[in-house]
Amino acid sequence: MEAAEKEEISVKDEAVDKNIFRDCNRIAFYRRQKQWLSKKSTYQVLLDSVTTVEDSTRFQIINEASKVPLLAEIYGIEGNIFRLKINEESPLKPRYEVPDVLTSKPSTVRLIPCSGDTGSLILADEKGDLRCHITANPFKVDLVSEEEVVMSINSLGQLYFEHLQILHKQRTAKENEEEASVDTSQENQEDLGLWEEKFGKFVDIKANGPSSVGLDFSLHEFEHLYGIPQHAESHRLKNTRDGDAYRLYNLDVYGYQIYDKMGIYGSVPYLLAHKLGRTIGIFWLNASETLVEINTEPAVEYTLTQMGPVAAKQKVRSRTHVHWMSESGIIDVFLLTGPTPSDVFRQYSHLTGTQAMPPLFSLGYHQCRWNYEDEQDVKAVDAGFDEHDIPYDAMWLDIEHTEGKRYFTWDQKRFPNPKKMQELLRSKKRKLVVISDPHIKIDPDYSVYVKAKDQGFFVRNQEGEDFEGVCWPGLSSYLDFTNPKGSTDILFLWNDMNEPSVFRGPEQTMQKNAIHHGNWEHRELHNIYGFYHQMATAEGLIQRSKGKERPFVLTRSFFAGSQKYGAVWTGDNTAEWSYLKISIPMLLTLSITGISFCGADIGGFIGNPETELLVRWYQAGAYQPFFRGHATMNTKRREPWLFGEEYTRLIREAIRERYGLLPYWYSLFYHAHVASQPVMRPLWVEFPNELKTFDMEDEYMLGSALLVHPVTEPKATIVDVFLPGSNEVWYDCKTFACWEGGCTVKIPVALDTIPVFQRGGSVVPIKTTVGKSTGWMTESSYGLRVALSTKGSSVGELYLDDGHSFQYLHQQQFLHRKFSFCSSVLINSSADQRGHYPSKCVVEQILVLGLRKEPSSVITHSSDGKEQPVAFMYCAKTSTLNLKKLSLNIATDWEALIWLAMRQNITTYQSRYDAHGSTDPCGSLLPAAPSVLTASTLQHSLTHTSSHQASST
Ligand code: NOJ
């Protein structure tokens, strides 16, 4: 039996067969909504029903045809967010409201009712800046900010709400009469899939009948929309045609087709819209299958000829309509009013949480393959990295390490001594990550199965028995992670197949009428299954360490809020250039929807990458948040050293570049964790007022300092890099060549070139030496790359802690340093006085880019009063100053003073001194307390200039 199943379950290297997945026209609730909307039946607010209950304003809305009352609730939420909920006033039974995604009950602010015209209601926030204008008939909501209508809800009349009904057969004749508005003839029932929906050989019997919801949003003057992952599509959302909506339905799509709107592994029902001067967001909190249509009406100018002799012109503003449709649940939507991209990021994470702070090792390089065969194989691959001087942090084991795909077990023959193997990895300061899928082999001798069965931890079928479906181990049951009692408990973990993937199931997933804890149908929560899998796994890992250690869990399926539990990758991509290219927009979309820790399989999971592609993929991956090489089982081995010395060198360099930048990566993750800002950012986020950036998806920012333009074309010799910002300067991180912003430059590229540019005005912390893994680099020295702005100043940060525990949170054991360069002085000061973390690490090197003049001397001044002359090298050709062999403790305050010329220094010093606490761009970066630099130090250093210079040459 098992062997036969294995054959059927074998992996094919074929492009996805789209016929096994549904398009919109084969989705009954889509057809129903379209049919009904064509009838243009409207909803109306019953204004005399308006009440204020605690923190919400409530009123009834009623459809002229169905007459079933709906209850609408509007909330103001702290941080300029509105929430609109619409549910049936008295449903036959409770409708599903998504739990566990919101971090806590959002704190509300009072909305004050202001008198509107008869026929409308106005609710304003306390300052009166934001208002909701509710028009009664037909029902419409306008969101107004400072007299500008930003968004209108239901202006197209697409509000749709199927109220729960008694099954046709069970109704009385009177009830059927009352329901005449909904056409329920037998023929139509089948076609519209009210109680039963067919797809191929599958029949979905719906216990609750039709229950879908929908609503439209018109975004005024917005033409650029982003978000709603996961699709293998461009970063900017495209207009949809009939039947081609973006689908949010988590599915296992092996070798997914690119530039396609079909649903793949995960869903975040949240989109952002951006225009010059404002960014907004719509978060549609619904975990059932969801479709999103987008339709932009561009601005048009009409000439009005009937206006007399002079023709008048009238401009109709552009707008984009967004139509959300979900199969079930309620309407629960959050409107994030921005106005800046970072405000919207903050508003969204206020609701769903921020990116979990990852353990440091997980930002290193990960080596995976389906499968590393046995302990010997693991040992050899591990040794290979050392032999070739390539750092890596984690070895990964796929499903074959288990006893017949029984997760949490070891295949005794291949892995007879897993403990010893782990000890070996530990001795190298490396980690092991093993896979754990949500399907559990049905086997009465398998303790995990028996325990879960006995305790009722599996999803059930309609008959109340454990649901059974086929996956890697053969017949399996599926853990019900929505049951609060279920949890897993192994070290670092990889959650796969958690859409959930069910071979031979409809669209390769679970029947929608399977039953979860609380008697909820799977249809209600399909998109959140993977979220719960990762949540339970992360919580299990935390419990294992008794709450001390940060977990690391990679998941394939995800939902809004998954960022709280770890990392996400883009699933089964293909070893082709086009997949390398699309990994950028896919990761950008994940990043702006809260999921900063994301990556794509390096090299492409399916197929064998040509060597050039593999190198380019490593180079791109080194500059993407989650960095893992992975390949499917029937591919050729592709460890970095298998392609000849030259290619080994290129891959080594890319990985080492990643390790060198780890202090910057870690600091960016801290920033994502505490301040909600994405690690990997589309250009429009950093340059929101530059129209040209709005469509860019072949380059991106890491934080606000680095611009990366990975090479994604074969045999490239030149890439066109757009460097934004007319007041900006950019420095090539390799050659230090300097470019003015606001133009596209042609950058020559060889196979070892990764086009990365540092923005003038930033300080990037790096490590000056790279070890075998992050664990070997704890003590190694720092370097600071100071890139001067056009004004000659720079700022940057470094965040540092033990890299693995929660002490940073509970005991404030961290260091957060700020570097600011102004008037030729670099200052290291504390960015957060609450944090303490002992570190002996020193800053060993400071590189100043864009210094036009050769200094006469450089001295450092530490907080204990010590002054040191510093040896330096100045390169006039590249305008770089290199201070080497420094020994400045990273954790303490100090300054490095660069003396350019005596006269200039005096003025420079004087203005810096005067600028403390002032609005001067440099002054604002300085600590409010007086600097350690005083007039006497200045005098002292001036008198020592010549000898310092002598020692520097
Ligand atoms: C599918 C995953 O996407 C892939 O990464 C993994 O190797 C296989 N499942 C086998 O576990």
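Cys875 has a relative accessible area of 31% and is therefore partly exposed, a class that lies between buried (under 20% relative accessible area) and exposed (over 50%), with a 1.4 Å probe and protein chains only. Cys743, at 31% relative accessibility, also counts as partly exposed. Zero disulfides turn up in a search of the whole structure, where a disulfide is a pair of cysteine sulfur atoms within 2.5 Å.

The model is predicted: local features need pLDDT of at least 70 and side-chain atom pairs count only at pLDDT 80 or more, while totals for chains, interfaces and linings use all residues. Residues are numbered from 1 along each chain as its sequence is written, and side-chain values use heavy atoms, with hydrogens and water left out.

Nonpolar side chains tend to be buried together in soluble globular proteins. A nonpolar core is here a set of buried Ala, Val, Leu, Ile, Met, Phe, Trp, Tyr and Cys residues joined through side-chain atoms within 4.5 Å. The largest one has 159 residues, and Phe283, Phe552 and Leu702 have the most contacts inside it. Helix α11 (residues 577-592) gives the largest share of this core, ten residues; helices are DSSP runs of H or I of at least four residues, strands are runs of E of at least two, and both are numbered from the N terminus. Because domain 1 (25-162 + 210-305 + 314-338) and domain 2 (686-948) both contribute residues, this core lies between them. The domain bounds come from an automatic or database domain assignment. Apart from this core lies another, of 50 residues, including Ile61 and Ala273.

Next come the strands. Six of them form an open sheet in the order β37-β38-β39-β44-β41-β42, with antiparallel pairing. Since β37 (680-681) and β42 (738-740) each have a single partner strand, they stand at the edges, and one side of each is left without a neighbour in the sheet. Strands pair if DSSP finds at least two bridges between them; β37 and β38 (residues 700-702) run antiparallel and are joined by two bridges. Met701 in β38 is the bridge partner of Arg681.

Elsewhere, six of the six residues of strand β56 (residues 894-899) are buried. Trp894, Ala896 and Ile898 point one way from β56, and Glu895, Leu897 and Trp899 point the other way. Strand β49 (residues 825-830) pairs with β56 in the antiparallel sense over four bridges, and Val825 has Leu897 as its bridge partner in β56. Strand β51 (residues 857-862) also runs antiparallel to β56, joined by six bridges, with Trp899 in β56 as the bridge partner of Ser857.
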